[in-house]
Amino acid sequence: MKLTIVEYPDRRLKLKSSLVKDFDEKLHKLLDAMYPMMIDTNGIGLAAIQVAKPIRALILNIPDEDGEQTKENLLEIINPVLVTQAGETVYQEGCLSVPQFYEDIKRHETITINYQDRDGNTHTLDADGLLAIAIQHEMDHLEGILFIDKLSYSRRKKFEKEYKRLQKERKHS
C-alpha cells in the first residue's frame, strides 16, 4: 500500500474522521503501511487522516530511554475516547503534516483513554509525559484539528508567514 503524508494547508486535514466499524484486512494493511512511513519520516505518531484515510485510527511509537523506536512499543489506537484528563503541561510539538515547524503547545499532563486494537478488542490506557502529549496531538487530528490551530492569533499569523517562506525554500532546493 503506497501512502503519502498529507501536508498543511491541504483541506483534508480539517476533516473529522469516522468511526472504524470493520476490523478487517483492509484496516490491518493500512496500519502496517503507516508504521514504516512514520519511522522513515522520524515521527512518533501518525493519524490515518494524515495519509488521506479519514478514519479514527492512529499509531504511536514513543522512543525508549536509549532513543530507540522498537516495534514492540508500537501502539495501534482505534476509535479512541478520552475518559479523564488532569494537570497541564507545555511541550514543543511538531507534526509530519506541518514539516519543519515546532511550537510550544499546552496539553493535559495525564490522560486516560479507552480504545480498540486492530482486532476490535477494547483497552484502557493511562498515559503521562510524552505519550499523553502524543495521544492528544494525534486525537486532535481525528477531529480535524492541527497543533497550529492552538496558537494565539498573533503567533498563528507569524506561523503563516514563516511557513510560506519555508515552503518556498523547499521548492527551490
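Trainee: Which residues of helix 1 are buried in this model?

Mentor: In this predicted model, the buried residues of helix 1 are Leu27, His28, Leu30, Leu31, Ala33, Met34, Tyr35, Met37 and Met38. What covers them includes strand 1 (45-47), strand 2 (57-60) and strand 3 (75-86).

Trainee: Why is histidine 28 called buried?

Mentor: Histidine 28, whose place is in helix 1, has a relative accessible area of 14%, and buried means under 20%, so histidine 28 is called buried. Not counting residues up to four places away in sequence, histidine 28 touches Phe23, Arg118 and Asp119.

Trainee: How do you know that the span of helix 1 is close to the expected one?

Mentor: Helix 1 covers residues 25-40, which makes 16 residues, and 22 Å is expected at 1.5 Å a residue. From its first C-alpha to its last, helix 1 reaches 23 Å, close to that expectation. Just after helix 1, asparagine 42 takes a positive phi of about 60°.

Trainee: What makes strand 1 and strand 2 a pair?

Mentor: Two strands pair if there are at least two bridges between them, and three bridges join strand 1 to strand 2, so the two count as a pair, running antiparallel. Within this pairing, the bridge partner of alanine 47 is leucine 58 in strand 2.

Trainee: Why are strand 1 and strand 7 said to stand at the edges?

Mentor: The open sheet has five strands in the order 1-2-3-6-7, with antiparallel pairing. Strand 1 and strand 7 (122-128) each have a single partner strand, so one side of each is left without a neighbour in the sheet. On average, neighbouring strands of this sheet are turned by 40° against each other, direction ignored. Helix 2 (residues 129-142) packs on the sheet, where it touches strand 1, strand 2, strand 3, strand 6 (110-116) and strand 7, and its direction makes about 120° with that of strand 7.

Trainee: Which residues touch the most other members of the largest nonpolar core?

Mentor: That core has 19 residues, of which Leu3, Met34, Leu46, Val51 and Ile59 touch the most other members. Helix 1 and strand 2 are the elements that give two or more residues to this core, and the largest share, eight residues, comes from helix 1. Leaving aside neighbours within four places in sequence, isoleucine 59 is in contact with residues including Leu31, Met34, Tyr35, Met38 and Leu46. Apart from this core lies another, of 17 residues, among them Leu58, Leu125, Ala134 and Ile135.

Definitions and conventions: Residues numbered from 1 in each chain as written. Predicted model: local features only at pLDDT ≥ 70, side-chain atom pairs only at ≥ 80, totals over all residues. Heavy atoms only, no water. Helix = DSSP H or I, 4+ residues; strand = E, 2+ residues; numbered from the N terminus. Expected span 1.5 Å × (residues − 1). Buried < 20%, exposed > 50% of the residue type's maximum accessible area, 1.4 Å probe, protein only. Contact = heavy atoms within 4.5 Å. Axes fitted to C-alpha atoms, helices over the stretch in contact; angles between N-to-C directions. Core = buried A, V, L, I, M, F, W, Y, C linked by side-chain atoms within 4.5 Å.
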